[in-house]
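Look at the structure below and keep it in view while reading.

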Amino acid sequence: MPRRTEDRAAAPKFLTTSQAAQRLGVTVNAIKAWIRANELPALRTPGGHHRIAEEDLRAFQARLADRSRRVAPVERRVLLVDDDEALVEVLAEALTQVAPHVAVARATDGYEALVQVGAFRPDVLVLDIQMPRLDGFEVCRRLKARRETRGIRILAITAYPDGQVRERILACGADDYLEKPFSVEKFRASVLGLLARGG
């Protein structure tokens, strides 16, 4: 009987994609993307759900942190696009505090974002969905339609989610999605995760 107790204690613990996302401070969509890219090992249950061994998640988290530290300064750029300039400054500071090697540029509307994409050539675009003049949906569609810009990773954010907004922006080509308000830690983890995935 004691041996069976020890065996149970030694058995690996498996997490759902939701639990793994909570551990890493990212969205479930980011976890699934890493699984699809074979970067994060996962098992599939008979019902079609993914399960991630806790030790695999810890190893992946360590690799992710190591890769973000080793990013070359001139090779990683983040463009922040939001008409709330105060928020943009907070997000820029949140990134540079932990990743001084990442260059950050800013834009306040969709048209300026497209101009900045051509001039700044970002690896990751943090894109507010609801903006004047040209909204995030159209910016996302235009970037993903062009061969030279479709490799840019896009993190969509919004303060006005409705029942379909997440599905619509992901259908436009966004790689991840956050609803405002979100924590600084969750934002940083999402951006650094997209940077680690490459362009």
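Helices (H or I, at least four residues) and strands (E, at least two) are DSSP runs, numbered from the N terminus. The model is a predicted one, in which local features need pLDDT of at least 70 and side-chain atom pairs count only at pLDDT 80 or more, while totals for chains, interfaces and linings use all residues. Residues are numbered from 1 along each chain as its sequence is written, and side-chain values use heavy atoms, with hydrogens and water left out.

The protein has nine helices and eight strands. A residue is called buried under 20% relative accessible area, exposed over 50%, and partly exposed in between (1.4 Å probe, protein chains only). Of the 199 residues in the protein, 47% are buried. Two residues are in contact when heavy atoms lie within 4.5 Å. Among the contacts with a separation of 6 or more, 63% are between residues 24 or more positions apart.

Helix α7 covers residues 136-145, and its buried residues are G136, F137, V139, C140, L143 and K144. Seen down the axis of α7, these buried residues fall within an arc of 165 degrees, so they line one face of the helix. The arc is taken from the directions that run from the helix axis to the C-beta atoms. What do the buried residues of α7 pack against? They pack against α6 (110-120), β6 (124-128), β7 (153-158) and α8 (165-171). The N-terminal end of α7 is capped by D135, which has a side-chain oxygen 3.2 Å from the backbone nitrogen of F137.

Two aspartates in loops come next. A polar contact is a pair of N or O atoms within 3.5 Å; within protein, one must be able to donate a hydrogen and the other to accept it, and residues adjacent in sequence count only if both atoms are side-chain atoms. D82 lies in the loop between β4 (77-81) and α5 (85-98). Is D82 buried or exposed? D82 is buried, with a relative accessible area of 2%. Its side chain makes a polar contact of 2.8 Å with the side chain of K180. Leaving aside neighbours within four places in sequence, D82 is in contact with several residues, among them L87, A107, D128 and I157.

D123 sits in the loop between α6 and β6, and D123 is buried too, at 15% relative accessible area. The side chain of D123 makes a polar contact with the side chain of R76, at 3.2 Å. A polar atom of the D123 side chain also lies 2.7 Å from the backbone nitrogen of R77.

Some backbone angles deserve a look. Most residues other than glycine have a negative phi, and most peptide bonds are trans. N38 has a phi near 60 degrees, a positive value in a residue other than glycine. N38 is placed in the loop between α3 and β2 (43-44), and N38 is exposed, with a relative accessible area of 71%. R121, which is not a glycine, has a positive phi of about 55 degrees. R121 is found in the loop between α6 and β6 and is exposed, at 60% relative accessible area. The peptide bond from K180 to P181 is cis, with omega near -5 degrees. P181 is in the loop between β8 (176-179) and α9.

On a 1 Å grid over the protein atoms alone, a cavity is a set of points where a 1.4 Å probe fits but cannot get out, and a pocket is an open set with protein on both sides within 12 Å along at least five of seven lines; lining residues have an atom within 4 Å of a point. Grid points are joined across faces, edges and corners, and a volume is the space filled by probe spheres set on the points. The largest cavity has a volume of about 40 Å³. The elements that give two or more residues to its lining are α3 (28-36) and α9 (184-197). Helix α9 gives the most, with five residues.

The second largest pocket has a volume of about 260 Å³. Its lining has 13 residues, of which R121, P122, E148, T149 and I152 lie nearest its centre.
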